[in-house]
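Welcome! Please take a look at the sequence and the structure below, and then let us walk through them together.

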Amino acid sequence: GLVLDPYAGSGTTGHAVLELNYEAETNRRFILIEQGSPERGDKYARSLTQERMKRVISGERPCKKTGKLEIAAEPIPGAFQFRVL
């Protein structure tokens with residue numbers, strides 16, 4: 001299947017699809033769309049949505065003490081492409 005989320009926000013839908021693929025051994029794909037407000041310098045899709053997808057796949061999370069990224073969750077296999085329109 002293909003899941004479309006036209007208001008992706010923080011990327012919860014993409015995260016859920018990756019987890020479901022991993023757990024059910026399926027190969028669903030997703031398209032996330034996040035417009036943000038570029039006229040106000042809002043890079044929401046780049047700073048939040050894209051980062052979340054990268055961290056879900058890598059298992060990296062910020063350390064509460066140091067703030068540095070470390071492997072703190074099981075990596076979930078997957079991939080995504082980030083596009084700017």
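## Starting at R52

R52 is in contact (heavy atoms within 4.5 Å) with S10, G11, T12 and H15, leaving aside residues up to four places away in sequence. This is a predicted model, in which local features need pLDDT of at least 70 and side-chain atom pairs count only at pLDDT 80 or more, while totals for chains, interfaces and linings use all residues. Residues are numbered from 1 along each chain as its sequence is written, and side-chain values use heavy atoms, with hydrogens and water left out.

You will find R52 in helix α2. Its relative accessible area is 26%, so R52 counts as partly exposed; here buried means under 20%, exposed over 50%, and partly exposed in between, with a 1.4 Å probe and protein chains only. Between the C-alpha atoms of R52 and L20 there are 16 Å, and along the chain the two are 32 residues apart.

How far apart are the end C-alpha atoms of helix α2? They are 20 Å apart, which agrees with the 21 Å that its 15 residues (44-58) should span at 1.5 Å a residue; that expected span is 1.5 Å times one less than the number of residues.

Buried in α2 are A45, T49, Q50, M53 and V56. An α-helix has 3.6 residues a turn, so residues three or four places apart point the same way. Among the elements covering the buried residues of α2 are α1 (12-24), β2 (29-32) and β3 (60-62). Just after α2 comes G59, with a positive phi of about 85°.

## A nonpolar patch

L2, L4, I31 and I33 make a nonpolar surface patch of about 380 Å². One of the patch residues, L4, belongs to strand β1 (residues 2-5) and counts as exposed because its relative accessibility is 54%.

## The whole chain

The chain has 2 helices and 4 strands, which are DSSP runs numbered from the N terminus (helices H or I, at least four residues; strands E, at least two). Their order from the N terminus is β-α-β-α-β-β.

Of the 85 residues, 22% count as buried.

Notes. Patches are made of residues with over 30% relative accessible area and no salt bridge: like charges are joined within 9 Å, nonpolar side chains (Val, Leu, Ile, Met, Phe, Trp, Tyr) within 5 Å. Accessible areas come from the Shrake-Rupley method with a 1.4 Å probe; for residues, only the protein chains shown count as cover. A salt bridge is a side-chain nitrogen of Lys or Arg within 4 Å of a carboxyl oxygen of Asp or Glu.
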